[in-house]
Amino acid sequence: MDKRKVILDCDPGHDDAVNILLAGKSPVLDLIGITVVAGNQTLEKTTRNALNVCQYLGLDVPVYQGCGQPMIIEKRNSPEIHGETGLDGPTFDPLTKEKETKHAVNYLTETIMASDGEITLVPTGPLTNIGMAMRMEPAIIPKIKEIVLMGGSYQLGNVSPAAEFNILADADAAHVVFSSGVPIVMVGLDVTRKVLCYPSVVERMRAIDTRAAHLFADMMEFFNKTQKEVFGWEGGPLHDPVTCAYLIDPSVLEVKEMYTEIDHGFYGPSYGRTNCDYFGMSGKTPNTKVAVDIDVEKFWDIIEAGIRNYS
């Protein structure tokens with residue numbers, strides 16, 4: 001069976017780093033590139049984190065630096081969750097892996113245009129790189145196989161009552177992506193809040209006793225500490241890897257087709273909300289498969305299998 005070609009667009013970030021780990025040696029995914037955006041931390045820091053994770057895991061995957069700020073609004077990041085480096089916790093060797101010279105948006109447009117429509121994009125940060133690529137070269141839109149993204153919520157936000165961080169961080173780019181016509185699977189807070197990485201999960205993975213296992217455990221110990229300080233949770237929700245878990249085994253998620261649009265008007269209380277028409281009240285054709293439930297046990301089995309791929 002041919003592997004599915006994917007490009008991760010991310011802002012590492014602890015959960016982004018686990019998603020790189022999950023995709024990097026998957027027997028069913030072909031990770032052809034990583035594009036980086038500012039989000040969890042500044043662009044310089046998120047790029048360095050992507051390079052560090054690839055180097056640590058021995059992944060020969062090109063890393064492209066992208067947009068350092070949103071299309072229109074002021075940039076924001078979340079050091080209270082991911083620390084000053086954006087990936088506090090693990091210790092990395094001196095960095096020798098280098099980023100590519102090409103800008104991430106150029107890489108996306110050129111790579112997708114040269115493809116036969118077989119590339120899936122997996123964004124787990126603000127959608128600036130992908131939105132900019134669609135604006136710069138609209139001809140890529142019908143050539144994207146699918147976008148499986150972590151972002152949004154059909155219920156409650158995590159940085160405002162209405163909005164999730166990745167969408168709020170660049171709602172204009174999210175509008176471009178969601179209104180593009182590309183098939184979209186939205187993995188939002190509705191399901192990612194159910195996969196809490198409790199201490200028992202951390203120890204389960206650490207017991208595998210490989211470099212990948214220890215990287216996971218070191219990252220999650222820090223991530224859990226900040227999640228407890230900020231939200232009072234004993235285990236941090238492992239948001240981003242639900243995307244690649246779904247690509248590896250779609251049965252891990254229950255999805256429902258809905259029409260989804262982004263509130264990107266004036267900066268009011270609902271700015272950045274993913275308005276998902278759960279009951280079909282608008283009469284508009286669904287443009288998104290929205291994740292509404294997750295098999296938590298199966299998810300952790302997929303994570304364990306992903307870690308064992310490095311042993």
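User: How many aromatic pairs does the structure hold?

Analyst: This is a predicted model. The structure holds 6 aromatic pairs.

User: Why is the pair of Tyr64 and Tyr107 called stacked?

Analyst: Two values decide. The ring centres of Tyr64 and Tyr107 are 3.9 Å apart, and rings pair if their centres lie within 6.5 Å. The planes of Tyr64 and Tyr107 stand at 10 degrees. Planes under 30 degrees apart count as stacked, so the pair is stacked.

User: What makes Tyr64 and Tyr107 a tie between parts of the chain?

Analyst: Their places in the sequence. Tyr64 is in strand S3 (residues 63–65), while Tyr107 is in helix H4 (residues 104–113). The pair therefore ties together parts that are 43 residues apart in sequence.

User: Are Tyr64 and Tyr107 buried or exposed?

Analyst: Tyr64 is buried, and Tyr107 is buried too.

User: Why is the pair of Tyr278 and Phe279 called edge-to-face?

Analyst: Look at the angle. The planes of Tyr278 and Phe279 stand at 65 degrees, with the ring centres 5.0 Å apart. Planes over 60 degrees apart count as edge-to-face, so this pair is edge-to-face. Ring pairs also link Tyr154, Tyr278 and Phe279 into a cluster.

User: Why does Tyr278 count as partly exposed, and why does Phe279 count as exposed?

Analyst: Buried means under 20% and exposed means over 50%, with partly exposed in between. Tyr278 has 31% relative accessibility, so Tyr278 is partly exposed. Phe279 has 69%, so Phe279 is exposed.

User: How do you know that the charged end of Lys256 sits over the ring of Tyr278?

Analyst: The charged end of Lys256 is 4.9 Å from the centre of the Tyr278 ring. The cut-off is within 6 Å of the ring centre and within 35 degrees of the ring normal. Lys256 is listed as sitting over the Tyr278 ring. Likewise, the charged end of Arg211 sits over the ring of Tyr56, 3.9 Å from its centre.

User: Which residues are closest to the centre of the largest pocket, and what supplies its lining?

Analyst: The largest pocket holds about 380 Å³ of space. It is lined by 26 residues, and the closest to its centre are Ile81, Asn158, Val159, Phe165 and His239. Helices H1 (14–24), H3 (79–82), H6 (165–169) and H10 (211–231) each supply at least two lining residues. H10 gives the most, with 4 residues.

User: What is the make-up of that lining by class?

Analyst: The lining of the largest pocket has 9 nonpolar, 9 polar and 8 charged residues.

Definitions and conventions
Residues numbered from 1 in each chain as written. Predicted model: local features only at pLDDT ≥ 70, side-chain atom pairs only at ≥ 80, totals over all residues. Heavy atoms only, no water. 1 Å grid on protein atoms, 1.4 Å probe; cavity = no way out; pocket = protein on both sides within 12 Å on 5 of 7 lines; lining within 4 Å. Points joined across faces, edges and corners; volume = space filled by probe spheres on them. Nonpolar A, V, L, I, M, F, W, Y, C, P; charged D, E, K, R; others polar. Buried < 20%, exposed > 50% of the residue type's maximum accessible area, 1.4 Å probe, protein only.
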